Structures are given as C-alpha cells and as structure tokens.
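Hi,

Here is the structure I said I would pass on.

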Amino acid sequence: MTDTTSALKSLAENAKAWPFQEAKKLLKRLEKNPKEGPVIFETGYGPSGLPHIGTFGEVARTSMVRHAFHVLTDDKIPSKLIAFSDDMDGMRKVPGNVPNQEMLREYIDIPLSRVPNPFEGDYPSFAHHNNAKLCAFLDAFGFDYEFASATEYYTSGRFDPMLIRAAERFDDIMRVMLPTLGAERQATYSPFLPVSPKTGKVLYVPMKEVNANDGTLTFEDEGQDVTISLTGGNAKLQWKPDFGMRWAALGVDFEMYGKDHQTNSTIYDRICRILRAPPPEHFIYELFLDEKGEKISKTKGNGIAIEDWLTYASPESLSLYMFQKPKTAKRLYFDVIPKAVDEYYSFLSSSHAQEPEKKIENPAWHIHAGLPPSGNLPVSFAMLLNLVSASNATDESVLWGFIQRYEPTASAESNPDLDRLIGYAVRYFHDFVLPTKSFRAPSALERTAIDDLASRLREMPAGSTAEDFQDAVYAVGKEHPFENLRDWFKALYQVLLGQDQGPRFGSFIALYGRDETLELIEKSLKGEHLTAA
C-alpha cells in the first residue's frame, strides 16, 4: 500500500458522503458473510419501456458506492456491477409512448423478449431494442458493468439449480407470500409462472403439482392439465420471489432500488434466506417526480429521457443531480437543468483548492471516481441563457464575441466546456425560455428608476467592472421608493428580459456590454419589446 493510498483510505473511513456510508455498511456485511470471488453490485431494469433517467440514476449511484468501496478496501477486493434486465416478464400493458400500439396489443402476457420490436431496426424483440438502448447510454457514460438478460439466464439453465431449490422450498415460499395477498389472490397464487406451451403467454395460474424431484410443474392450460419442466426457461418466478432468487443465484452483495420497493424489501430478503443465501445490503432511494409531482414511469414516458437531458446539458450535470440528496423526492424536469449545470461547475472548480478531507466529500470527486478534471468557467450557464435572451443570438460565434470582450483570453480551444455550454444554452433558450418569455411595461416608479439607471451607466467610465455596474444598480434601487430591493431586481428582469428571475445584473451588464444594455433599456422604455412579443 502506498502512502497516498493509505492516506486516502484513512480519510475515507471518516468521510460523511453517502457513497462512503453505504460502502462501510457493505464492508460490515462482508465481515459477517465472507465470500470467495468478486463482490457483486446489481441494478435492475424492466424493459417494458425505454430506459429513463431513473434507470441511469440507479447505475450512476451504484457506481459511486462501488468506487467508495474500492477506496475503503485499497482495491484489494474485486467487484462486478451487473445490470440485470427482467426481459422474460410478460408484457402486462402496451406502453403509451411507443409506435405500433395495435400490433403490440396482440402480445399481452407474452415475454418481452418475444414481443416483436415496434420500433424501426433489426432487433428481434421489444426487449432486445430496449436492452440495446440501455447498454448504449451506459456505454456512452463509460460505466463499468456486465449486462445480464433474464431470458438468457432462465433459458440457458443458469437459474436452474436455484429454481429446483425454490421447488423444494415451495411451502416455505408460500408461507411468506400468502399473508401479503388478498383472499381471492391467495386462492390462485403460485410463485412459479409457467410459459404456456400452447400460447407462449406467461400464465398466472395455480399449480396443481410442484415436483422438485422431477423438476416439473403441473397446471391447467386452455382447459387441459399440462406438465412441463420448471427449468430451461419453461417457467419463471413471480417478481417478488424472483428478486430473492436472483440475489441468491448471483450472490448479490449490494442493490439499491426506489422507495416503491421498500414495503417488499423484507419479502425479498426472506425469499433469499429460504434459498439459503444472505440477502444483499440495500439502499432505498426516493423516487423522481415529473413536473406535476407524479412518479416517473417508463410506460407513461413522463419526465425526461436521457437524450433529452443531454440535448441541453452536460452528462456531468446529470450525475450531480443523481448524487445530491438521493433520499429526498425531487422533481426531474427541464427546469432543473440550468441550476444543475452551474452547481456542477461550482463543485468542480472548488474541488481543486480543497483540503483532501473536504475534497472526498465534494460531489465532483464522486462523479469522476476520485479524479475530477480541471474546469473553471468564466461565464455561468444561467448567464449564458440571459445573454442569448438579451441578444436574440442563435449564432454561437456571436455569443463568443460577447464572451471574449468580457474575458479576452477565453476561446473554444482553451475552454471546450464553455463552448459546449454555449450550444446547450442556445438550444435550451429556444425550447424552454423563449416560449415562456413575457415582457411587461414598467410602472411609473419602475420607469423612473430604470431611466435613472441608464443615466448612471452613460456616465460610468470605460473599463468599469461588473462590481462597478452592480454598485450602480444597487444604488438606484435604494434611492427609489421600492418596498425592497427584490422588487427592483424583479422589475429589471420582467421589463428588460421578459422573465421573473435573472442574473446578477452587474455581471450581466459587463458581459452583454454597457452600450448594448443601454439599447436594451431604451427599447424597453419605448415598449418595443411589447410590440415584438
């Protein structure tokens, strides 16, 4: 162990950041349940719909815990992250956000890996298409993972030993499950779901016999008793027993999932123990909500898709949003993007000047697996949005002209992150800010104050700084009878920029230019913005 590695491990042992806290719990579990082979981290994906940001969040957060685990163990304990797709589940309903809906309705209850692909492309099934989408974005983010398919694991026989064990412990599993069900469901419940040899559907039917010695299931199918092998992909387990069985079969040591699983977590654990394996360490995170405060759903397609976020912001900003307060319910919609972008760069910039014990608490350290890159933006994303708004610029070179007057050494070559943000800002402004812009005429008080501000700006000497401009803005607000300064700044934003919130106004003037700001004020006082709107 090097001195650097030893020092980092020592710091990590006292770290408060949640990935370290979860990694410490995992270490305690391994002390009680030693194992050979790699430590297994798992994430689950249900390919009944396209992968969304919640799916990404689960992999990103698990990867952060995995990295913290490696720091705490000096990389001496190998690990593996399995991204598991439940693609043998029957399609219970047709997702509302996919094409060819009528075609899909013919395949209700057929395993997702056997449902035809409704999208364009050569994928053999709906699940294959969605699995490919999952892997594509995980690969794009550089995650280290192993993809696993329930269909492949069931049909190849990898789950066969544990399925036989489930048949042997059938009564024990039923004793766990039946008390959780209503009377009507109890009468027909079986933890085994056979795939009908006649229709190909996943059947929710009671078992007439479960024979562990022969490895067979007997049930009624289309009015006739049928006996099939329970192995080789001829049957699968209901989702709650399947959770516990998968943990036992794969030797899973850590899995996180949403709060909607919390009440069933003890069931998963009990099933795993019945199958003679210790359940993994859990982390329960809060669910993401859409703009209406409703849970994000793959089949509804509400919330933001991965590609949506990446159209308007950097991948790192998305990782930050996942890192922050994972046990707090958060709205996940387009209006959270600008703040996430600027917070990411703020954390990144501060990380390089921090003492080691502070650095490992910094989100940027966890986002970049302990190696945050250099990064310092001369202009914030929020300021770029306001620059686009004021200038009506769609040409990125025009925006660079403003920026280089404000920061002469900045360039696309020396500031590639800023160059990316300019493109993001133009797209975000035109899709989300412009449609909501609403200019208003100033009140008599506001008109007098804005006119006063214009007079003071004209008198300011060349070379005035952002602080000089900000002092002038404050002075005007204080010298006119506003109830509070917040009303003054709100008036500037609404009258000049057509929005309720805005940038630090002195910095905006310095970036946009004094003469350009005076022209903006003149047009606003003449009502030209109102005419254009």
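This is a predicted model: local features need pLDDT of at least 70, side-chain atom pairs count only at pLDDT 80 or more; totals for chains, interfaces and linings use all residues.

If you zoom in on β1 (residues 39-45) and β9 (residues 252-258), you'll see two parallel strands joined by three bridges.

**The three-stranded sheet**

There is also an open antiparallel sheet, with its three strands in the order β5-β6-β7. Its edge strands are β5 and β7, and each of them pairs on one side only. Neighbouring strands in this sheet are turned by 25° on average, again with direction ignored.

Strand β6 (residues 216-221) is mostly covered, with five of its six residues buried. Its two partners go like this:

- Strand β5 (residues 209-211) pairs with β6 over three antiparallel bridges, and Val210 stands opposite Leu217 in β6. The hairpin of β5 and β6 has four residues between the strands, and Gly215 takes a positive phi near 70° in it.
- Strand β7 (residues 224-229) pairs with β6 over six antiparallel bridges, and Phe219 stands opposite Val226 in β7. The hairpin of β6 and β7 has two residues between the strands, and Glu222 in the turn has a positive phi of about 55°.

**The nonpolar cores**

In soluble globular proteins, nonpolar side chains tend to be buried together. In this model, the largest nonpolar core has 112 residues. Which residues have the most contacts inside it? They are Phe20, Phe56, Trp309, Ile403, Trp488, Leu492 and Phe505. Helix α3 turns up again here, giving the largest share of this core with 10 residues. Another core lies apart from that one; it has 49 residues, among them Met162, Ala167, Tyr189 and Val252.

Leaving out residues up to four places away in sequence, Trp488 touches Ala449, Ile450, Leu453, Val473, Val476, Gly477 and Phe482.

**The α21 and α22 pair**

Some of those contacts bring us to a helix pair. Two packed helices are described by the angle between their axes and the distance between the axes. For helix α21 (residues 466-479) and helix α22 (residues 485-497), the angle is about 115° and the axes are 9 Å apart. The crossing of α21 and α22 is right-handed. On the α21 side, the contact involves Gln470, Val473, Tyr474, Val476, Gly477 and Lys478. Facing them in α22 are Leu485, Trp488, Phe489 and Leu492. By type, the residues of this contact divide into seven nonpolar, two polar and one charged.

Is helix α13 (residues 315-323) enclosed or open? Eight of its nine residues are buried, so α13 is largely enclosed by the rest of the structure. The buried residues are Glu316, Ser317, Leu318, Ser319, Leu320, Tyr321, Met322 and Phe323. After α13 comes Lys325, with a positive phi near 45°.

**One last residue**

Glu519 is in helix α24 (residues 514-526). Glu519 and Pro442 are 77 residues apart in sequence, while their C-alpha atoms are 16 Å apart in space.

Cheers

Definitions and conventions
Residues are numbered from 1 along each chain as its sequence is written. Side-chain values use heavy atoms; hydrogens and water are left out. Axes are lines fitted to C-alpha atoms, for helices over the stretch in contact, and angles run from 0 to 180 degrees between N-to-C directions. A crossing is left-handed if the near helix is turned anticlockwise from the far one by less than a right angle, and right-handed if clockwise. Contact means heavy atoms within 4.5 Å. Ala, Val, Leu, Ile, Met, Phe, Trp, Tyr, Cys and Pro count as nonpolar, Asp, Glu, Lys and Arg as charged, and the others, Gly among them, as polar. Two strands pair if DSSP finds at least two bridges between them. A nonpolar core is a set of buried Ala, Val, Leu, Ile, Met, Phe, Trp, Tyr and Cys residues joined through side-chain atoms within 4.5 Å. Buried means under 20% relative accessible area, exposed over 50%, partly exposed in between (1.4 Å probe, protein chains only).
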